[in-house]
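Good morning, and thank you for coming.

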Amino acid sequence: MVFPISCMMTNTAKSDTYAAPDRFTEMTALKSEKCDYLLQDKNGTNYEVTEIATKIPNLSPGKKVWITYHPLRRMSVCGAQPIEVKEVYKK
């Protein structure tokens, strides 16, 4: 007997994962000593967002956020790449 178990498992796995539209980058909030929070991408690069609490409310360590951004040309206070958040994806 052959059961289509693999198809059911594939569908379940896809429905459990969360993905934002392609133009957004997944970031994880990190608590910082020098700044309130930093954002970290999947490659481990840290980003500094000026006034992060007003741009991304309700942050907590480990929280995932999806944003669009562009880099800024200035020195970092936090020791991370400064960015400006253009858009925050709300699920």
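A word on the source comes first. This is a predicted model, in which local features need pLDDT of at least 70 and side-chain atom pairs count only at pLDDT 80 or more, while totals for chains, interfaces and linings use all residues. Residues are numbered from 1 along each chain as its sequence is written, and side-chain values use heavy atoms, with hydrogens and water left out.

Let us start with the layout. The protein chain contains two helices and five strands; these are DSSP runs numbered from the N terminus, with helices being H or I of at least four residues and strands being E of at least two. Read from the N terminus, the order of elements is α-β-β-β-α-β-β. The chain has 91 residues, and 29% of them count as buried. Here buried means under 20% relative accessible area, exposed means over 50%, and partly exposed lies in between, with a 1.4 Å probe and protein chains only.

The protein chain exposes about 6700 Å², of which carbon and sulfur atoms supply 54%. Accessible areas come from the Shrake-Rupley method with a 1.4 Å probe, and for residues only the protein chains shown count as cover. If we take contacts between residues at least 6 apart in sequence, 49% of them join residues at least 24 apart; a contact means heavy atoms within 4.5 Å.

Now to the strands. In what order do the five strands of the closed barrel run? The order is E1-E2-E3-E5-E4, and the pairing is mixed. Two strands pair if DSSP finds at least two bridges between them. On average, neighbouring strands of this sheet are turned by 60 degrees against each other, direction ignored. For such angles, axes are lines fitted to C-alpha atoms, for helices over the stretch in contact, and angles run from 0 to 180 degrees between N-to-C directions.

Let us follow part of that order. Strand E1, residues 25–31, and strand E2, residues 37–40, run antiparallel and are joined by four bridges. Leu-30 has Leu-38 in E2 as its bridge partner, and a hairpin of five residues connects E1 to E2.

E2 in turn runs antiparallel to strand E3, residues 46–49, with two bridges between them. Leu-39 is partnered by Tyr-47 in E3, and Gln-40 stands opposite Asn-46 in E3. The hairpin of E2 and E3 also has five residues between its strands, and within this hairpin Gly-44 takes a positive phi near 90 degrees.

Does E3 run parallel or antiparallel to E5? These two strands run parallel, joined by three bridges, and Val-49 stands opposite Ile-83 in E5.

I turn next to the disulfide. In general, a disulfide is a covalent bond between the sulfur atoms of two cysteines. In this work, a disulfide is a pair of cysteine sulfur atoms within 2.5 Å, and a search of the whole structure finds one. Which residues form this disulfide? They are Cys-35 and Cys-78, with their sulfur atoms 1.3 Å apart. Cys-35 lies in the loop between E1 and E2, and Cys-78 in the loop between strand E4 (64–71) and strand E5 (81–88), so the pair ties together parts that are 43 residues apart in sequence. The torsion about the S-S bond is about -80 degrees, and the disulfide is therefore left-handed. Both cysteines are buried.

Finally, two individual residues. Ser-32 is found in the loop between E1 and E2, and it counts as buried because its relative accessibility is 16%. The side chain of Ser-32 reaches the backbone nitrogen of Lys-34 at 3.3 Å, and that of Cys-35 at 3.3 Å.

Trp-66 belongs to strand E4 and, at 10% relative accessibility, counts as buried. Trp-66 and Thr-25 are 41 residues apart in sequence, yet 5.3 Å apart in space, C-alpha to C-alpha.

Key:
Polar contact = N/O pair within 3.5 Å; in protein donor to acceptor, adjacent residues only side chain to side chain.
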